[in-house]
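Have the model open as you read.

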Amino acid sequence: MPPDAAGYRSYDELVQSLLDTPPPAARVTEIGRVAEVGDGIAIVTGLARALADELLEFASGVQGFVFDLEPDRLGVVLLGPSEQVTQGEDVRRTGRVASVPAGPALLGRVVDAAGRPLDGGAPPEGAALRPVEAEAPPILRRRAVARPLATGLKAVDAAVPVGLGQRELIIGDRQTGKTSIAVDTILNQRETGVLCIYCAIGLRGDAVAKVIGAVRDGGMMDRCVIVAAGDEDAPGLAYIAPYAAMTIAESLAEKGRDVLVVMDDLTHHAHAYRELSLLLRRPPGREAFPGDIFYVHARLLERAGQFTEGRGSITALPVVETQAENLSAYIPTNLISITDGQIYLSPRLVRTNQFPAVDLGVSVSRVGGKAQAPAFRDVAGNLRVTLSQFEELEEFARFGTRLDDATRARLARGAAVRAALRQPERDPMPAAEQLAVLVAAMEGLLDDLDETRIAPAMDAIRAAIRAGDGGLGARIADGGRLTDEARAGILDTAREAMAGMAQDGPDA
């Protein structure tokens with residue numbers, strides 16, 4: 001008979017070939033059952049060999065990871081809607097832990113905590129899966145934080161400097177501008193080469209859309225990754241979202257890049273972890289949070305830092321919300337003790353229309369001047385003292401006490417400096433412009449202006465510096481000091497700009 005398509009001349013030859021072929025290796029598949037389903041969690045039985053943090057796949061298509069290991073059952077955190085999971089359905093092991101796609105392929109994308117695209121595009125190509133949990137680099141693989149991260153905000157860069165590799169907490173009540181500071185910091189990285197990751201945890205969809213729109217309008221979307229776990233998503237996604245963002249940051253830092261990670265906010269993250277823990281019957285502690293809530297945030301933020309061996313840096317800006325200015329609450333105090341300083345936004349300053357509402361009396365950077373350009377240190381060294389003395393005198397002046405000329409001059413100087421720290425949203429300033437405005441305010445050029453004329457005066461000074469800063473920007477970037485000649489040049493430029501503004505008239 002002629003040979004068939006496979007090349008066999010007879011059925012006997014075909015049968016003999018099949019007999020001589022070694023059998024395929026046996027594949028063991030463990031299948032469990034769903035015993036209970038809760039809001040974001042499931043209790044699974046029959047998977048005695050499953051491991052902690054292992055990813056499980058339900059027959060309905062929902063995935064989850066092992067959260068609790070007990071002798072006869074598993075507590076599983078769902079990464080999808082619990083309404084799709086039914087009691088009694090099959091559950092299979094996947095043999096891998098909860099992972100997220102990572103690498104440069106995610107730049108410019110909006111994804112959820114599992115790496116699934118939320119921007120309508122295709123899944124990221126060329127992005128390797130990496131576990132969301134990882135050990136923090138040891139001390140020998142770290143370097144001291146010594147390079148500045150410019151936020152573009154005068155109140156921060158001058159008084160609360162942030163360095164590349166630092167963990168600086170943004171803390172304040174609702175509606176005090178915490179997200180605005182984080183977004184403005186991202187927008188200020190247009191010229192620095194720093195890659196940015198914004199992680200939204202438990203925020204409303206419209207709030208996340210506003211951030212995406214601001215990043216896109218600011219021209220930073222191509223160098224930014226948005227990781228979103230909204231308030232309508234499963235609490236399991238909110239729990240792993242900051243870990244996923246940190247994993248993506250690590251994949252970029254390993255290529256020698258500097259990465260900024262914003263976690264907005266860890267209050268919602270703590271609430272999601274508390275919700276999952278209580279549903280799984282873990283014993284509650286203070287404020288019903290489980291006892292390991294400190295470790296949950298510590299192992300996350302310890303993954304940031306300035307690294308050696310050709311790796312870049314990861315700068316973390318976690319956000320936490322307070323209630324009624326209570327800085328001694330459980331989660332805020334935990335995060336204050338973990339991070340390297342905090343930027344505190346005061347509702348008292350918000351009520352006086354002082355934006356950004358950074359309270360310099362409570363805000364602190366534990367890295368301090370080590371990560372600040374020397375030119376900024378020369379100007380901002382007396383900034384805190386000037387403002388604190390002004391606020392103290394301002395309290396006495398409210399009683400109608402007679403004031404001498406020296407006291408009136410100090411009040412005018414303090415009011416001008418405080419007004420000079422005001423800055424609108426989405427308007428981060430280059431370092432040279434910040435320095436020029438601060439020098440003009442500290443040297444008294446703004447003392448005689450009423451409050452309505454200070455903002456136009458600052459705009460005029462900024463425009464003059466943009467037209468020609470005399471090498472000021474390069475001197476700041478090179479780490480040079482602010483010499484007397486440079487200070488005098490700034491003052492001359494500021495006086496000329498303000499004189500031109502006065503000639504143009506009050507409506508200019």
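## The enclosed space

About 30 Å³ of space lies in the largest cavity. A cavity here is a set of points on a 1 Å grid over the protein atoms alone where a 1.4 Å probe fits but cannot get out; grid points are joined across faces, edges and corners, and a volume is the space filled by probe spheres set on the points. Searching the whole structure for cavities of 30 Å³ or more turns up 1.

Thr 151, Val 162, Ile 170, Ile 181, Thr 185, Leu 317 and Ile 343 line the largest cavity, lining residues being those with an atom within 4 Å of a point. The lining comprises 5 nonpolar residues, 2 polar and no charged (Ala, Val, Leu, Ile, Met, Phe, Trp, Tyr, Cys and Pro count as nonpolar, Asp, Glu, Lys and Arg as charged, and the others, Gly among them, as polar).

## About the model

This is a predicted model, in which local features need pLDDT of at least 70 and side-chain atom pairs count only at pLDDT 80 or more, while totals for chains, interfaces and linings use all residues. Residues are numbered from 1 along each chain as its sequence is written, and side-chain values use heavy atoms, with hydrogens and water left out.

## The largest pocket

Now to the open spaces: a pocket is an open set with protein on both sides within 12 Å along at least five of seven lines. The largest pocket has a volume of about 1,200 Å³. Of its 44 lining residues, Arg 174, Gln 175, Lys 178, Thr 179 and Glu 321 are the closest to its centre. Elements giving two or more residues to this lining include helix H3 (178-187) and strand E18 (313-321) (helices, H or I of at least four residues, and strands, E of at least two, are DSSP runs numbered from the N terminus). The lining divides into 18 nonpolar, 13 polar and 13 charged residues.

## The second largest pocket

The second largest pocket has a volume of about 860 Å³. Among its 42 lining residues, Ala 150, Asn 188, Thr 192, Pro 430 and Ala 431 lie nearest its centre. H13 gives the most to this lining, with 4 residues. By class, the lining holds 21 nonpolar, 9 polar and 12 charged residues.

## A buried histidine

His 297 lies in helix H7 (residues 293-301). With a relative accessible area of 1%, His 297 is buried (under 20%, with a 1.4 Å probe and protein chains only). Its side chain makes a polar contact with the side chain of His 269 at 3.1 Å.

Notes
Buried means under 20% relative accessible area, exposed over 50%, partly exposed in between (1.4 Å probe, protein chains only). A polar contact is a pair of N or O atoms within 3.5 Å; within protein, one must be able to donate a hydrogen and the other to accept it, and residues adjacent in sequence count only if both atoms are side-chain atoms.
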